[in-house]
Amino acid sequence: MSRRPELLIPIVFEAGNTSLRKVANWRSNRPVIERRLCTNCLICWIYCPEPAIYMDNAGNVQIDYDHCKGCGICAEECPRKAIKMVMENV
Amino acid sequence: MQVSKLLDLYGREGLSPGHSACQGCGATIAVRQVLLAAEPPYIVVSPTGCLEVISTPYPYTAWRVPWVHVAFENAAAVASGIEAALRVLERKGLGRRHKIIVIGGDGGTFDIGLQAISGAFERGHDLLYVCYDNEAYMNTGIQRSAATPIGSVTTTTPAGKRERKKDIVSILVSHGSPYVATASPHLWKDLANKVRKAQSIEGPTFLHIVAPCPRGWYYDSSLTIKIAKLAVETRVFPIYEVENGKYRINYLISRPRPVEEYLRLQSRFAYLLRPENAALLEEFKRWVEERWNQLLKLAAAFPP
Ligand SMILES: Cc1ncc(C[n+]2csc(CCOP(=O)(O)OP(=O)(O)O)c2C)c(N)n1
Ligand code: SF4
Ligand code: SF4
Ligand code: SF4
Ligand SMILES: [Mg+2]
């Protein structure tokens, strides 16, 4: 059996490559932003441990559902109460 | 440059998502904020602990910045070596100096790493040492450390710890460090500006950050920032800085919230709050009060 040599080298080739890992299956509740209430203040972003919150090209704050673990901090800390935690369908 | 708004920090991420920290990990929030604020070029050195384990699930790394992981006890020694080597390379025109930022847990800082830290601070290396304090050895399953507060249950203090938390800030001030400060992730602007300030000062500087841990403090993951805020507003974790030996309280809490508000949210203090442990609770409160009064005196000795 031939082995691919690069698989035998204990080296990480890309910086910050954990972003390739999806951790969405850690989540039992998903944060949902109510667009009408959100002022794009980024408070949720600075307190997210992942971070799984970003600003899209239009300047709107969005959740990155591949990397959100559903901790609920963003919903707790949003000064506008614009984030609701909704149970995932399992 | 001073940080005044979140857009000053946005887009400067040093850690990638997809790491394996527990949901709501306060240490990760603290470290993210440190890296968002830090001015490149810098090299991070970490001893073993949660941060190391959660950021490097092989074959992945969450680090977008140069990072060296070393043993549990010697992060400050390795940081000293890197700093000294870069200094020589720069003198020879072969490279340039980077700020060295050590980021370690309370176990790696208050306990096993202390002699390496003492050596680095005594020799005066140009580095910033950041301790994210989750008040126990979390990575190995919640054992007590010198940073665990009175009454807190850990797996090695099943009825609550009896001893006071070690005063790490005083230890580093007494080493003659030009800048030692405390910070909390709920006060992101204060934290970010302290990182900038510490980085701009030549010599060994220290930042002590409170890092609530839902796993080891036993509370709901959504409450991490609330708990950090309560730690500050009950005076359990005062926010202050010591610049060239001069103390300044950055958040003067004139009317503290009752300590119980902080304790009640965390099951690690469930024993402490039982009626039969009233004496231990009193000792916790005495510790908070004595430290605050001492800080007031030190700050008053150095009027602005
Ligand atoms: C010399 C040595 N003793 C013990 C260990 C096992 N060990 C690894 S991490 C750790 C605790 C780390 O605690 P802390 O520094 O507070 O970081 P945390 O995990 O809480 O983030 C221990 C005991 C080790 N790696 N090396
Ligand atoms: S904290 Fe609330 S208002 Fe601010 S960006 Fe996040 S969701 Fe929008
Ligand atoms: S629930 Fe937690 S992980 Fe998900 S976006 Fe909010 S703060 Fe981030
Ligand atoms: S045990 Fe605590 S410090 Fe460690 S990853 Fe989990 S929440 Fe963070
Ligand atoms: Mg710890």
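Which residues line the second largest cavity? I looked this up in a predicted model. The lining consists of A:Ile33, A:Cys38, A:Thr39, A:Asn40, A:Cys41, A:Leu42, A:Cys44, A:Val61, A:Cys78, A:Ala82 and A:Ile83. I sorted these residues by class and got nine nonpolar, two polar and no charged. For the volume of this cavity I noted about 70 Å³.

I then went through the cavities as a set. The model has three cavities of 30 Å³ or more. The largest cavity holds about 100 Å³ of space. I found 15 residues lining the largest cavity. Nearest its centre lie A:Cys48, A:Cys68, A:Gly70, A:Cys71 and A:Cys74. By class, this lining has 11 nonpolar, two polar and two charged residues.

Next I turned to the nonpolar cores. The largest contains 63 residues, and I recorded B:Tyr129, B:Tyr262 and B:Phe284 as those with the most contacts inside it. Helix H11 of chain B, residues 278-300, supplies the largest share of this core, with eight residues.

I followed up B:Tyr129, leaving aside its neighbours within four places in sequence. Its remaining contacts are B:Ala76, B:Val102, B:Gly104, B:Gly108, B:Thr109, B:Ile117, B:Phe121, B:Thr205, B:Phe206 and B:Leu207.

I also noted a second, separate core, of 61 residues. Among its members are A:Trp45, A:Ile46 and A:Ile53 from chain A, and B:Ala37 from chain B.

Terms used
Residues numbered from 1 in each chain as written. Chains lettered and ligands numbered in written order. Predicted model: local features only at pLDDT ≥ 70, side-chain atom pairs only at ≥ 80, totals over all residues. Heavy atoms only, no water. 1 Å grid on protein atoms, 1.4 Å probe; cavity = no way out; pocket = protein on both sides within 12 Å on 5 of 7 lines; lining within 4 Å. Points joined across faces, edges and corners; volume = space filled by probe spheres on them. Nonpolar A, V, L, I, M, F, W, Y, C, P; charged D, E, K, R; others polar. Core = buried A, V, L, I, M, F, W, Y, C linked by side-chain atoms within 4.5 Å. Buried < 20%, exposed > 50% of the residue type's maximum accessible area, 1.4 Å probe, protein only. Helix = DSSP H or I, 4+ residues; strand = E, 2+ residues; numbered from the N terminus. Contact = heavy atoms within 4.5 Å.
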